[in-house]
Amino acid sequence: MNNDTIFALSSGRGKAGVAVIRISGNDLNIFAKKIIGRATVAPRHAYFTNLRDGAGEIIDQCVVIYFAAPHSFTGTDIIEIQCHGAPAVINKVFEFLRTNGMRIATPGEFSRRAFYAGKMDLSDVDGLVALLDAQTDKQRAAALRSMMGGDSEIYATWREQMLRISAYAAAMTDYDADDLPANISDTILENIKTLYTAISGVLNNYKVSRAIQYGINIAIVGETNVGKSSLFNRLLGTARAIVSDIPGTTRDVVSAQMDIDGYLVNLSDTAGLRDTADFVERIGIERTNNEIKNADIVLHVINPTSSPLARGVRCKTPGVVANEILVVNKSDTIDSHDIKNAIYVSAKTGDGIAELMSVIRDQIGEITNNGESTVMINARTYDLLVTARDELFAALDDFNGDYDILSEHVRYAADAIGRILGAIGTNEILDMTFSQLCLGK
Ligand SMILES: Nc1nc2c(ncn2[C@@H]2O[C@H](COP(=O)(O)OP(=O)(O)OP(=O)(O)O)[C@@H](O)[C@H]2O)c(=O)[nH]1
Ligand SMILES: [Mg+2]
């Protein structure tokens, strides 16, 4: 940590009505008085002012707000300058700040200060990172809850319980069994079991958390020429993928994102499955299989004249764990709907698309528990939760009456949770977390 006075553009770059430039440092009161042009400046008041450079030239008409430490985002003094959003204005303000001995902040530097000032823990920062990335309403809600300390509270409670159990177990060895309360060992083991179950539950929910954060993967697969690309375009509402009557038109994976009921969906169109000698097409089919593996939902498209094999469960190849929806396309070319458990659609006319969407919605609801997620998990927190769970498991599994070993395992579990919060942490982890944030955060 340093005491430099730093600044950054907190709003987005590009033509905009207003830009927000934030300055963080110690004792910014004097500077605030200078730019506002008053003898005293009250914190958290909006002052309309003509911001002037060193030579007295007006840079822009601005609103300036001064936040006095520790009541600010970073815990330091903060000045927020709201100027017009033109790049030329922003650059001029930056130049002015530089000549006043300030420097531009590194990505995430504001949040890092907030972390060191105890305003946020690492789990809150994870939430902030996710919030700034949020594209859909569900992503926003989950990230906001995490940023506002919802997840930290759960972690902190677990950690405290673990530390208590660990200390208790360590002390056991110092006492005669007769001096200890009856059933004490049962109580300790019970408590560890409860924590183990809670963490396992959260880990089982990773799929939900991941689906909300990174999107639900839906892959459209099937034989060539059944109308996968046409269906893809129809679902998106744009002619994104190339459609033709030549089998093997799509060779690469074509992906697009869409919002379904507030959930982010990654929809992909894939190369049709068939035996082919064409080298490039085979690479495409390999990619299709990869998409199938990563899919949460597979739309298995066939057409009314597809062979019995294709009508069945052709894409339930090994490795498919996804929910599969059988879709019969080109329903406009036939009269009878005789394949069971299939949804008949026509990508050409739009028939049946609403019904397909409703089935997709139901499956998304199932996958996401209808938004009832527990804590928000990312790659970093996932690994640490696994460590904690495994240590608790080892504590129970290895237990042979030796409380020292039990205490150690539980202590390690507590450390892993501590790392999630950043209560224990290496600089690399901090660097990695904060660098995901953009400038000005
Ligand atoms: N009548 C009718 N024709 C359709 C329908 N959907 C697609 N087609 C036609 O079927 C042919 C193949 O469509 P595509 O969407 O390119 O099929 P695909 O499954 O993506 O094919 P590949 O990329 O080669 O695997 C085109 O000539 C489309 O116009 C439909 O609902 N009704
Ligand atoms: Mg195609």
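**A quick tour: loops, a sheet and an aromatic pair**

Asp27 is exposed, with 63% relative accessible area (exposed is over 50%, buried under 20%, partly exposed in between, using a 1.4 Å probe and protein chains only). This is a predicted model, where local features need pLDDT of at least 70, side-chain atom pairs count only at pLDDT 80 or more, and totals for chains, interfaces and linings use all residues. Residues are numbered from 1 along each chain as its sequence is written, chains are lettered from A and ligands numbered from 1 in the order written, and side-chain values use heavy atoms, leaving out hydrogens and water.

- Most residues other than glycine have a negative phi, and most peptide bonds are trans.
- Asp27 isn't a glycine, yet has a positive phi of about 50°; look for Asp27 in the loop between S2 and helix H1 (29-36).
- Helices (H or I, at least four residues) and strands (E, at least two) are DSSP runs, numbered from the N terminus.

- Six strands make an open, mixed sheet, ordered S3-S4-S5-S2-S1-S6; strands pair if DSSP finds at least two bridges between them.
- S2 (residues 18-25) and S5 (residues 77-84) run antiparallel, joined by eight bridges, and Arg22 stands opposite Glu80 in S5.

**Aromatics**
- The whole structure holds seven aromatic pairs (Phe, Tyr or Trp rings, six-membered for Trp, with centres within 6.5 Å; planes under 30 degrees apart are stacked, over 60 edge-to-face, the rest tilted).
- Among them, Tyr196 and Phe393 are tilted, 5.9 Å centre to centre with 40° between the planes.
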